[in-house]
Amino acid sequence: MRILFVASEAAPLIKTGGLADVSGALPSALRKIGIDCRVLLPGYPVVMYKLESTRQVARFDQFLDAEGKPLAARLLLCGISGSDTPIYVLDAPAVFARAGGPYQDSDGIDYPDNAHRFALLSQVAAILAGAASPIDWQPDILHCNDWQTGLAPAYLRLSGNQTPIVMTVHNLAYQGIFPPKTLTHLNLPVSSFSIEGTEYYGNLSFLKAGLYYANHITTVSPTYALEIQQPHLGMGMQGLLASRQHQLSGILNGIDTDEWNPAADRHLRCEFNARALAGKKQCKHKLQEELGLEPLANAPLFGIIARMAHQKGLDLVLAIADGIIDRGGQIAMLGTGEKSIEIAVRALVARHPGKVAALIGYNEGLSHRIEAGSDIFLMPSLFEPCGLNQMYSLRYGSVPIVHATGGLRDTVEDGVTGFVFHQPTPHALWLAVERALDLYPQKPAWKKLVQTGMNRDFSWNKSALAYQALYQSLLPLEA
Ligand code: ADP
């Protein structure tokens with residue numbers, strides 16, 4: 001079975017969030033079970049820089065940029081060390097060679113031609129999955145991810161091709177919405193701009209198009225698959241999603257257990273596992289040292305790693321943080337994002353020197369060291385399609401405190417592997433924090449909680465088998 005997996009980011013080449021973790025790990029988990037899965041990615045500068053073997057396999061002369069000028073684009077077939085997943089990279093410098101991140105410039109402003117940039121990626125995905133593909137590898141299924149690839153199903157279907165398409169929603173909050181006039185510059189027929197097509201409340205939505213034209217929709221946890229059919233978390237798409245409930249399923253993400261392994265983690269200078277936890281104490285001490293926290297072995301250390309976005313419930317954390325410090329706790333935070341949250345975090349650090357530390361920025365190594373060195377991990381997201389950090393936390397013996405939503409609900413068991421609270425309010429979070437603080441000094445009970453979490457299996461294999469079953473169900477039966 002051949003799968004073309006198209007995404008706007010994939011670890012370790014380019015990452016802004018969980019989508020990259022999935023796009024990095026799922027294709028290789030699929031390959032391990034015998035599926036020929038290949039990835040299509042945009043050729044951002046960091047991607048071009050990190051590629052190892054590259055071979056041009058196609059040129060595209062038909063595309064125009066946002067100003068209507070011809071745009072040079074070519075397809076490279078590449079590999080990276082440590083992975084056997086073939087990667088097709090769309091090298092189109094006019095749209096992808098930018099100084100900032102994949103979606104925004106260095107000031108955090110969306111690129112004005114994002115619709116063009118990701119329509120181009122989507123068009124190339126549709127071409128590769130279609131009958132007129134310029135390459136000699138034809139996928140049986142096109143697997144699209146999030147809004148950046150949402151027009152691929154539209155291009156493919158509107159060209160009359162029936163190759164099955166899976167559309168995975170990693171976060172419904174990002175919908176790729178653009179003014180209706182954008183459509184005419186994207187090689188899409190005006191007739192597609194309707195409720196049965198690309199139109200979404202008077203605008204063009206890339207994600208809506210993907211959800212409408214795909215054969216099957218998946219999202220990244222079973223609970224989120226139900227939640228997005230309701231007005232509360234459906235973000236306006238609930239009607240469409242509910243009408244497609246029989247073609248909608250939730251498959252929990254796995255985690256990369258080689259990259260996230262406390263017994264062999266290149267980012268740590270200590271190691272541990274569920275049976276030998278002494279190294280975790282060392283990790284805590286080193287983390288306190290690294291972040292300038294007081295070297296107190298018995299102070300419960302709370303870790304937080306998150307995009308600083310409203311979604312992540314950091315307002316709740318900020319509301320109770322002084323209470324944690326009053327109870328003798330410490331906090332280590334890592335994240336970047338909305339300026340207002342960053343300012344509030346800096347103020348918290350200034351109020352509690354030696355007790356709260358925060359690194360505002362992106363730091364892969366520190367994210368591992370926080371998981372390893374913290375005792376408790378806070379993840380009070382208002383909604384969470386799957387969430388990865390709570391699974392990393394379980395594996396690293398950092399007991400998660402989570403809001404009962406989406407994948408958090410599906411991965412953390414209250415009182416067994418962590419603490420789960422039900423209302424996204426500071427009070428409910430505080431009650432869960434108090435339960436953790438009360439249990440923390442009871443060493444045997446705490447150790448049992450830690451070890452039970454560490455022994456949970458969140459490897460990709462189970463999810464890969466679920467995707468395989470889904471792909472199989474979409475393929476025409478052999479004659
Ligand atoms: P989301 O995709 O909504 O950002 P997830 O929990 O699914 O949330 O995935 C977030 C991923 O990004 C995790 O691998 C997490 O460790 C990582 N991450 C988020 N912020 C940072 C940061 N500032 N530094 C390093 N890693 C980060």
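A polar contact here is a pair of N or O atoms within 3.5 Å. The model is predicted, and the distances that follow are computed from it.

**The ligand site**

A polar side-chain atom of Asp21 lies 3.0 Å from an oxygen atom of the ligand, which is within the 3.5 Å limit for a polar contact. The side chain of Lys15 also takes part, with an N or O atom 2.9 Å from an oxygen atom of the ligand. At Gly361 the backbone is involved: one of its N or O atoms is 2.8 Å from a nitrogen atom of the ligand. The ligand on its own would expose 560 Å², of which the protein buries 93%.

| Residue | Atom in the protein | Atom in the ligand | Distance |
|---|---|---|---|
| Lys15 | side-chain N or O | oxygen | 2.9 Å |
| Asp21 | polar side-chain atom | oxygen | 3.0 Å |
| Gly361 | backbone N or O | nitrogen | 2.8 Å |

In total, 19 residues surround the ligand, and the closest are Lys15, Gly18, Arg307, Lys312 and Gly361. By residue type the shell consists of six nonpolar, eight polar and five charged residues. Which domains supply the shell with at least three residues each? They are domain 1, made of 2–254 + 461–474, and domain 2, which covers 278–454.

Two of the contacting residues also meet each other. The side chains of Asp21 and Lys15 form a polar contact at 3.0 Å. Asp21 sits in helix α1, and with a relative accessibility of 16% Asp21 counts as buried because the cut-off is under 20%.

How many of the residues in α1 are buried? The count is 11 of 15, so the helix is mostly covered by the under 20% criterion. The buried residues are Leu19, Ala20, Asp21, Val22, Ser23, Ala25, Leu26, Pro27, Ser28, Ala29 and Leu30. From its first C-alpha to its last, α1 reaches 21 Å, close to the 21 Å expected at 1.5 Å a residue.

Helix α4 (residues 114–129) has 16 residues, which should span 22 Å at 1.5 Å a residue. The end C-alpha atoms of α4 are 23 Å apart, in agreement with that value. This helix is mostly covered, with 15 of its 16 residues buried. Asn114 belongs to α4 and, at 3% relative accessibility, counts as buried. Asn114 and Phe96 are 18 residues apart along the chain, and their C-alpha atoms are separated by 9.8 Å.

**Backbone geometry in the loops**

Most residues other than glycine have a negative phi, and most peptide bonds are trans. The peptide bond that joins Ala11 and Pro12 is cis, with omega about 0°. Pro12 is in the loop between β1 (2–6) and α1.

Asp146 has a positive phi, near 65°. The loop that holds Asp146 runs between β6 (141–145) and α5 (151–158). Tyr201 also has a positive phi, near 50°, and is found in the loop between β9 (199–200) and β10 (203–205). Are these two residues buried or exposed? Asp146 counts as buried at 9% relative accessibility, whereas Tyr201 is exposed, with a relative accessible area of 65%.

**Two further loop positions**

Pro70 lies in the loop between β3 (53–60) and β4 (73–79) and counts as exposed at 69% relative accessibility.

Ser221 lies in the loop between β11 (216–219) and α7 (222–227). With 0% relative accessibility, Ser221 counts as buried. The C-alpha atoms of Ser221 and Ser249 are separated by 8.3 Å, and the two residues are 28 residues apart along the chain.

Terms used: Residues numbered from 1 in each chain as written. Predicted model: local features only at pLDDT ≥ 70, side-chain atom pairs only at ≥ 80, totals over all residues. Heavy atoms only, no water. Near = heavy atom within 4 Å. Polar contact = N/O pair within 3.5 Å; in protein donor to acceptor, adjacent residues only side chain to side chain. Areas by Shrake-Rupley, 256 points an atom, 1.4 Å probe, with all protein chains shown as cover. Nonpolar A, V, L, I, M, F, W, Y, C, P; charged D, E, K, R; others polar. Domains from an automatic or database assignment. Helix = DSSP H or I, 4+ residues; strand = E, 2+ residues; numbered from the N terminus. Expected span 1.5 Å × (residues − 1). Buried < 20%, exposed > 50% of the residue type's maximum accessible area, 1.4 Å probe, protein only.
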